[in-house]
Amino acid sequence: LALCQLHVSIPSNPEYSSLNLASAVQILAYELRIGAGEGLQLRKGAKQWRDSEQPATGEQFDGFYGHLEQVITEIGYYDPERPKHLPIRLRRLFQRARLTLSEINILRGILNAVQKKLP
């Protein structure tokens, strides 16, 4: 779950709110297929993304998280020996923001500037 960019909740009967994995996959596949059919019509007239405005890829996010963890460790804010929930919470925070490539680059530029100021 920590690596997911979005979490999904499937509404169910409150008296028995558990779904097995196969049922959950079927429901999500159906909903995605229905949504894709609607989205095809929307995409035909949509303008192309500029490269810098493309949603960040998983690899770009991972590079940013690694860089962020390195910097917050260097400044003494984070102790990797006692991680608690900080890495997961930071990951969720930035994933909810749905960052673009240019936004990832801005944040990494800030992290680089912090590193240059460290002794």
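Let me start with Arg98, which is exposed, with a relative accessible area of 54%. By exposed I mean over 50% relative accessible area, by buried under 20%, and by partly exposed anything in between, with a 1.4 Å probe and protein chains only. Arg98 sits in the loop between α3 and α4. Its phi is near 50°, a positive value in a residue other than glycine.

Before going on, a word on what this is. It is a predicted model, in which local features need pLDDT of at least 70 and side-chain atom pairs count only at pLDDT 80 or more, while totals for chains, interfaces and linings use all residues. Residues are numbered from 1 along each chain as its sequence is written, and side-chain values use heavy atoms, with hydrogens and water left out.

Lys84 also has phi near 50°, again a positive value in a residue other than glycine. Lys84 belongs to the loop between α2 and α3, and it is exposed at a relative accessible area of 69%.

Now the overall layout. The protein chain has four helices and zero strands, and the pattern along the sequence is α-α-α-α. Of the 119 residues in the protein chain, 16% count as buried. Accessible areas come from the Shrake-Rupley method with a 1.4 Å probe, and for residues only the protein chains shown count as cover. Taking contacts in the protein chain between residues at least 6 apart in sequence, 74% join residues at least 24 apart. A contact is heavy atoms within 4.5 Å.

Next, the interior. In soluble globular proteins, nonpolar side chains tend to be buried together. In this model the largest nonpolar core has twelve residues, among them Phe61, Phe64, Leu68, Phe94 and Leu111. A nonpolar core is a set of buried Ala, Val, Leu, Ile, Met, Phe, Trp, Tyr and Cys residues joined through side-chain atoms within 4.5 Å. Helices α2 (58–74) and α4 (101–117) each supply at least two residues of this core. The most comes from α2, with six residues.

Which residues does Ile104 touch, leaving aside its neighbours within four places in sequence? They are Ala56, Gln60, Phe61, Phe64 and Leu99.

Ser102 is in helix α4 and counts as buried at 18% relative accessibility. The side chains of Ser102 and Thr100 are joined by a polar contact of 3.2 Å. That term covers a pair of N or O atoms within 3.5 Å; within protein, one must be able to donate a hydrogen and the other to accept it, and residues adjacent in sequence count only if both atoms are side-chain atoms. Thr57 is in the loop between α1 (21–44) and α2, partly exposed at a relative accessible area of 39%.

On charged pairs, the count comes to one salt bridge, the rule being a side-chain nitrogen of Lys or Arg within 4 Å of a carboxyl oxygen of Asp or Glu. The side chains of Asp62 and Arg91 form it, at 3.3 Å, N to O. Asp62 lies in helix α2 and Arg91 in helix α3, so the pair ties together parts that are 29 residues apart in sequence.

Ile75, Tyr77, Ile106, Ile110 and Val114 make a nonpolar surface patch of about 510 Å². Patches are made of residues with over 30% relative accessible area and no salt bridge, like charges being joined within 9 Å and nonpolar side chains (Val, Leu, Ile, Met, Phe, Trp, Tyr) within 5 Å. Ile75 is in the loop between α2 and α3 (86–96), and is partly exposed with a relative accessible area of 48%.

Ile10 is in the segment before α1 and counts as partly exposed at 23% relative accessibility. Leaving aside neighbours within four places in sequence, Ile10 is in contact with Leu19, Ala24, Ile27 and Leu28. The C-alpha atoms of Ile10 and Ala24 are separated by 7.7 Å, and the two residues are 14 apart along the chain.
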